Amino acid sequence: MKNLSITALLLASCTTMAWASDVPLGDTAADNIQGKPFSPYASRNFPERPLWGDTHLHTGLSLDAGAFGNTLLPDTAWRFAKGERVISSTGQPVRLARPLDWMVLTDHTDLMGFAPDLQAGKPGVLADPKGLEWYEGYTKGGDAAGKAAFDIIGNFSQGTLPEALLQAYSPGADPFAFTWEHIVNAAEDHNDPGNFTAFIGFEWTSVPKGFNLHRNVMLRDGAARALQVIPAVTQPPHGDTDPKSLYKWLEDYQAKTGGRAVAFAHNGNLSNGWMFPTEETYHGGQVDEEYVQQRAKWEPHYEVTQIKGDGEAHPYLSPDDEFADYENWDVGNLDLTELKTEDMLQHEYAREALKLGLALEEKFGVNPYKFGMGGATDSHTSLTTAEEDNFFSKSVSVEPSATRVLHPFVESDQAAFEGHTLVASGYTAVWATDNTRAAIFDAFKRRETYATTGPRIGLRFFGGWEFSDADLSTRTIADTGYTKGVPMGSDLRPREGEGAPSFLIAALRDPVGANLDRAQVIKGWLDTDGTLQEKVYDVAWSDNRQPDENGKIPPVGNTVDLEVAGWTNTIGTAELITVWQDPDFDPAERAFYYVRAIEIPTPRWVVYDKVRYGIELPEEAELIHQERAYSSPIWYTPEG
């Protein structure tokens, strides 16, 4: 019959169909072409999209956040990160433009439980003269509250906190235990595998003499393991500011619970040059075989950018890098009593640390600074905002207002960080196979992460020995990358033949953000004379620009309109894809490579404040910047 009714066709289809469990797979020409599935996506087992998150956020439970007036607790922080509208501590409605996929909540552990009791004026706080003084300053608000908060921070960093308060809020005391249980249970309540991952964590707050040596700790585990322990502290007699004490805690945690944990070094500025030591540690120890092994084991990730400055590079260290002078905070310590020195800087910035790691690996056979890159807010408002037009800043004292850009955020007799120098940064993108604690944690361990200063730039970076321009003809870049090479965060496979390594690089603009200006490869290496070197290569750029006589790519231009806090994507490009081969490769030299993808110019957050509040900005305020992403490196090690 040639003219079947629709009903007959449907019935005929039904009578010839078998249940799915009865259908043989892969045994016909239609199912199998030359031994391969027709669908190029059917057998994928690698990460297919970046998962966006923040590794460093504080609520009102943190000593300093609470002292500055943050009244928002973990439940609000988690709801906000997941995309809900909340009310800030200053009474302002706020919501993220786009929810995060995961977050680590990292309240300070020292004096855990003190901040809420200070705000409430609990008898245990008021009984101490200093506690009473701080409470009176807090309740007055304004400058008095700020002075009280900085006095608390100063006493903490100098080791002069009142003994009675230290004992009342130490590990083993009820307020400490209650607060840790609150943190753990809030993370459990908001963890939603497959949709949103809530990590249990804390910040280990080593800050001797104001030198910022903080580490954030992330647990792979849930409450059953986390509540078997109390988190590490730094104040004696229960803790120590030496990172070795944190490594011991991590070791003990895994041995006791059967769980897993890692630590992330806080971005290295304000550490007075002690974040990446090469000979002696701040605590009088030596950078020896034990030190490099322990650091390599426990710190696979580095916070390269955050509210208190960007830490990728510095113009003093990288004078030939035109993009190195980006949001640098280069005073010696948190108290602003130690000022910048030339020697200090090389032990604070990521690029220099990666180079120093090569030299230490040559000496000890282990590289302690082989880390993946990430960004974080370090916000103390409970609000993980890294968007320029939605920036709720570092602390409650500098949440949006008409005056926040006009007065210092921190100042001393010697220096100041003006309000307009705070940075709306950053986030970490993770290439994980699933949105779960296990999958994301494992991605951190293998360093398959990258940092951005806020925009959700897509970034792929693969290294190998046989990438070619022919690999650019496919839109399934990752298939080729994982098949022929290794992803960001990895070591190159053993050298094949006599050629130089090649790299497959793809950058995609934030779908609601700015176009891309260029992609660069930053190479660092230890030459055969034992000298550490670096070079920045422009490998892909927009608008058909041509290098000048010095090989430099001209600036992309500027479409920023300061009157409306806007820009246009009439310059730059939506994507940059290329294969690049190292033209200066020497197989005898240790090296690393990472990608920096840079946007076209856009307004900084201060311009949005200017437009919304109708204020005049300080003459020295930076108004325009070029946001960026930093991949984790890929390392090359000579054979033998």
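This is a predicted model: local features need pLDDT of at least 70, side-chain atom pairs count only at pLDDT 80 or more; totals for chains, interfaces and linings use all residues.
**View 1. The largest pocket is lined by 47 residues.**
Start with the largest pocket, which has a volume of about 1,100 Å³. Closest to its centre, among the 47 lining residues, are Phe68, Phe150, Ile153, Phe409 and Val410. Helix H2 (63-67), helix H7 (142-157) and strand E13 (408-411) each bring at least two residues to the lining of this pocket. H7 gives the largest share of that lining, with 10 residues. Sorted by class, the lining of the largest pocket holds 18 nonpolar, 19 polar and 10 charged residues.

**View 2. The second largest pocket is lined by 25 residues.**
Here the volume is about 530 Å³. Look for Glu48, Trp431, Gly458, Arg460 and Leu508, which lie nearest the centre of the second largest pocket. Among the elements that each supply at least two residues of this lining are strand E3 (50-57), strand E17 (458-464) and helix H16 (477-484). Strand E19 (502-508) and strand E22 (575-581) likewise each supply at least two. The lining of the second largest pocket divides into 14 nonpolar, two polar and nine charged residues.

**View 3. Strand E3 pairs with strand E15 and with strand E6.**
With strand E15 (residues 427-431), E3 pairs in the antiparallel sense over four bridges. In that pairing, proline 50 stands opposite tryptophan 431 of E15. Tryptophan 431 is also one of the residues that lie nearest the centre of the second largest pocket. With strand E6 (residues 102-105), E3 runs parallel, and three bridges join the two. There, leucine 57 stands opposite leucine 105 of E6.

**View 4. Strand E12 is made of buried residues that point two ways.**
Follow strand E12 through residues 372-375: Gly372 and Gly374 point one way, while Met373 and Gly375 point the other way. In a regular strand, side chains alternate between the two faces of the sheet. Strand E10 (residues 301-306) pairs with E12 in the parallel sense over four bridges. Which residue of E12 is the bridge partner of tyrosine 302? That partner is methionine 373.

**View 5. The largest nonpolar core has 76 residues.**
Within this core, Trp249 and Leu250 have the most contacts. Helix H9 (residues 174-190) gives the most to the core, with six residues. A second, separate core has 25 residues, including Val287, Val292, Val304 and Leu354. In soluble globular proteins, nonpolar side chains tend to be buried together. Returning to tryptophan 249, and leaving aside its neighbours within four places in sequence, you can find it in contact with Phe202, Val217, Leu219, Val229, Ile230, Pro231 and Ala232.

**View 6. The model has four cavities of 30 Å³ or more.**
The largest cavity holds about 90 Å³ of space. Of the 14 residues that line the largest cavity, Leu166, Ser170, Pro171, Gln235 and His238 lie nearest its centre. Its lining has eight nonpolar, five polar and one charged residues. The second largest cavity has a volume of about 70 Å³. Residues around the second largest cavity include Leu213, Arg215, Trp274, Tyr282 and Arg295. By class, the lining of the second largest cavity has seven nonpolar, two polar and two charged residues.

**View 7. Aspartate 128 sits in a loop between two helices.**
The helices on either side of this loop are H5 (123-126) and H6 (129-140). Is aspartate 128 buried or exposed? Its relative accessible area is 13%, which is under the 20% limit, so aspartate 128 is buried. Not counting residues up to four places away in sequence, aspartate 128 touches Pro162, Ala164 and Leu165.

**View 8. Helix H17 packs its buried residues against strand E24.**
The buried residues of H17 (residues 605-613) are Trp605, Val606, Val607, Tyr608 and Asp609. Strand E24, against which they pack, spans 602-603. Just after H17 comes glycine 614, with a positive phi of about 65°.

Technical notes:
Residues are numbered from 1 along each chain as its sequence is written. Side-chain values use heavy atoms; hydrogens and water are left out. Buried means under 20% relative accessible area, exposed over 50%, partly exposed in between (1.4 Å probe, protein chains only). Contact means heavy atoms within 4.5 Å. On a 1 Å grid over the protein atoms alone, a cavity is a set of points where a 1.4 Å probe fits but cannot get out, and a pocket is an open set with protein on both sides within 12 Å along at least five of seven lines; lining residues have an atom within 4 Å of a point. Grid points are joined across faces, edges and corners, and a volume is the space filled by probe spheres set on the points. Ala, Val, Leu, Ile, Met, Phe, Trp, Tyr, Cys and Pro count as nonpolar, Asp, Glu, Lys and Arg as charged, and the others, Gly among them, as polar. Two strands pair if DSSP finds at least two bridges between them. A nonpolar core is a set of buried Ala, Val, Leu, Ile, Met, Phe, Trp, Tyr and Cys residues joined through side-chain atoms within 4.5 Å.
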